Amino acid sequence: MTDLSLYRNIGIFAHVDAGKTTTTERILKLTGKIHKLGEVHDGESTMDFMDQESERGITIQSAATSCFWKDHRFNVIDTPGHVDFTIEVYRSLKVLDGGVGVFCGSGGVEPQSETNWRYANDSEVARIIFVNKLDRLGADFYRVVKQVKDVLGANPLVMVLPIGVEDQLKGVVDLLTRKAWVWDESGDPLNYELQDVPADMVDKVEEYREMLVETAVEQDDDLMEKYLDGEEPSIEDLKRCIRKGTIKLDFFPTYCGSAFKNKGMQLILDAVVDYLPNPQEVDPQPEVDLEGNETGKFAIVTPDAPLRALAFKIMDDRFGALTFVRIYSGVLEKGMTVMNSFTGKTERIGRIVEMHADSREELTRAQAGDIVAVVGMKNVKTGHTLCDPKNPATLEPMVFPDPVIAIAIAPKDKAAVEKMGIALNKMVQEDPSFYVETDEESGETILKGMGELHLDIKIDILRRTHGVDVSVGKPQVAYRETITQRVEDSYTHKKQSGGSGQFGKIDYIVEPGEPGSGFQFESVVVGGNVPKEYWPAIQKGFATSMDKGVLAGFPCLDVKVTLVDGGFHAVDSSAIAFEIAAKGAYRQSIPKAAPQLIEPIMKVDVYTPEDHVGDVIGDLNRRRGMIKSQDTAATGIRIKAEAPLSEMFGYIGDLRTMTSGRGQFSMEFSHYLPCPRNVAEEVIKETLERKK
């Protein structure tokens, strides 16, 4: 049996371009997992093994690997930073016990870091912070620490101070031991010396060490009393307190350095061992019933309990389908039968493999705390629980956001139709934020996703990985419809044609709901005019009708229906009669309630050099954008705005033109707002023409 206290399941997450993948490469090199370093900008990193990743220099799917440091086993997941792939970060954080948040020394806390930090807070993952790229122009460790406090509302516990900045970065001072780690210019992480603190830094080191000690001893009352009486706590005691506070999320140990130049990496690995929790120190996963309600039981991390494992990622590679699972309790063995509590079916475990990016090692068994991949599972999807058939249970499932953008695709030739269907099916299994639908009226295949880049890469994978050439239509925005007025109405469904008839009468109010409330149904009927057993049928009739609005067939949101009264017939009334009555009532009343088109509004975060701020703001205003704030950063201005998705297509090209290639932006869905009348008329006209 392996000792779980020596396990660390960690993820590395950050904004795009903060240096996550480079940090992971350095960890693998230092732990002896790889011998030649691959650089992201050369398209040769180990973890970015997809063609699309090495070409674009970004991480698209989270990659998993295992390595060892000081007898501790690290299961490391390198996650993407681009906003279109946050789903990968979300589901990785769900199964991890700890994380390393990487921030760029000059860019600071960027938009995607905020989203990822929010996800990590939701999943209650303990983290350490690594301020990377301190060798870059404009880098400032102290500014980034302040941003972590102000922007993320987090409490960074500074553990090291940098010696020199930008091209003068020589190393770091470890505040606990008061030792300076100084690297030479060879770039070899092992070529360092432990020296005394540089004379010009002694005061600063003492000031920050005092803050560190004061924060740490708050975790232990006895230690705090001794400290207040003037007794200096030992390094062991301090480490114990820091570990306790980190796991409780009271603060986040903060380190700095340069992954690219190999400076400061050993201290991060030591911090993972010293301060991040092992699988048994994390709150156990709650078990839920089939309706998703918590049962009060938990999957306790121990090999002796019944099997509980969560499938958090499906990947298709040249050897077949891989299902990544995090084992929470029990043991997974080759040849054993497990039950998928979502489908109720059992499956046999064929091969278990330990992944290292895209290479693998065969295993015969894995146990609680492990992250492994199982080859060839048929019906398992992301978020499904694998459990002991004699002792079934479900772990808390994952919730994924709705897509905001769609495109229509068609295969270039008839022979590719079936091939395209198979390929899309595999891709949907791999990525829960990617949807494929067939438009019943036009027969087109519609792909839906989280943004332009997301769909762009899906098309690329279709063409290259699966060899299906498709023609791509114009991007379509996920418009919705809603109503703006309250309507009281009545509808009677009556059908008499020999034998038993159908009868259902309903009196109801249709009114606008709160923004973001979706569809709400309430019954205030008293006195049995509409018997209780028919209420669900009426609710279902309205709910299914909401999928198609009356203006252009977009789903209808934020509508409240209240059933006030009605009538029934002792013989002719049935659930189906009342469901049909509700559908008729929807068609009759929604047009009277002043329906309107609403469009997705995106949170846009633009980073631009100072000289081009006027152009960027003018352009955002032309796109119907609302400027929310402007902040001055080290190397430019950060503009936060809200803008309709329909106006933001192709924005990256325009932004690069305006800023001579130096501008960057990211956006994510925020909320829905009414469309201006001229835009709404145009959209409705186009949509209806396309459906003809």
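This is a predicted model: local features need pLDDT of at least 70, side-chain atom pairs count only at pLDDT 80 or more; totals for chains, interfaces and linings use all residues.

**Salt bridges**

How many salt bridges does a search of the whole structure find? The search finds 28 of them. The table lists three of these pairs.

| Acidic residue | Basic residue | Closest N to O distance |
| Aspartate 220 | Arginine 240 | 3.3 Å |
| Glutamate 599 | Arginine 624 | 2.7 Å |

Start with the pair of aspartate 220 and arginine 240, whose closest N and O atoms are 3.3 Å apart. Aspartate 220 is buried, because its relative accessible area is 17% and buried means under 20%. Arginine 240 has a relative accessibility of 42% and counts as partly exposed.

Next comes arginine 624, which forms a salt bridge with glutamate 599 at 2.7 Å. Glutamate 599 is part of strand β35 (residues 595–608), and arginine 624 is in the loop between α14 (613–622) and β36 (626–633), so this pair ties together parts that are 25 residues apart in sequence. Is glutamate 599 buried or exposed? Glutamate 599 is buried, with a relative accessible area of 2%. Arginine 624, for its part, is partly exposed at 28%.

Glutamate 647 is partly exposed, with a relative accessible area of 27%.

Salt bridges can also join up into a network, as they do for Asp619, Arg622, Arg623 and Asp654.

**A patch of negative charge**

Which residues gather in a patch of negative charge on the surface? They are Asp203, Glu207, Glu210, Glu214 and Glu218. One of them, glutamate 210, lies in helix α6, which covers residues 202–217. Glutamate 210 has a relative accessible area of 45%, so this residue is partly exposed.

**Two aspartates with positive phi**

Now look at the backbone of two loop residues. Aspartate 71 has a phi near 70 degrees, a positive value in a residue other than glycine. The loop that holds aspartate 71 runs between β2 (63–69) and β3 (72–78). Aspartate 71 counts as exposed because its relative accessibility is 66%, and exposed means over 50%.

Aspartate 558 has a positive phi as well, near 50 degrees, and is likewise a residue other than glycine. You can find aspartate 558 in the loop between α12 (535–545) and β34 (559–567). At 10% relative accessibility, aspartate 558 counts as buried.

**Cysteines**

A disulfide is a covalent bond between the sulfur atoms of two cysteines. How many disulfides does a search of the whole structure find? The search finds zero. Two cysteines are worth a look here. Cysteine 104 counts as buried at 4% relative accessibility, and cysteine 256 is buried with a relative accessible area of 1%.

How values were computed:
Residues are numbered from 1 along each chain as its sequence is written. Side-chain values use heavy atoms; hydrogens and water are left out. Patches are made of residues with over 30% relative accessible area and no salt bridge: like charges are joined within 9 Å, nonpolar side chains (Val, Leu, Ile, Met, Phe, Trp, Tyr) within 5 Å. Accessible areas come from the Shrake-Rupley method with a 1.4 Å probe; for residues, only the protein chains shown count as cover. A salt bridge is a side-chain nitrogen of Lys or Arg within 4 Å of a carboxyl oxygen of Asp or Glu. Lys and Arg count as positive and Asp and Glu as negative; His and the chain ends are not counted. The place of a charge is taken as NZ of Lys, CZ of Arg, CG of Asp or CD of Glu. Helices (H or I, at least four residues) and strands (E, at least two) are DSSP runs, numbered from the N terminus. Buried means under 20% relative accessible area, exposed over 50%, partly exposed in between (1.4 Å probe, protein chains only). A disulfide is a pair of cysteine sulfur atoms within 2.5 Å.
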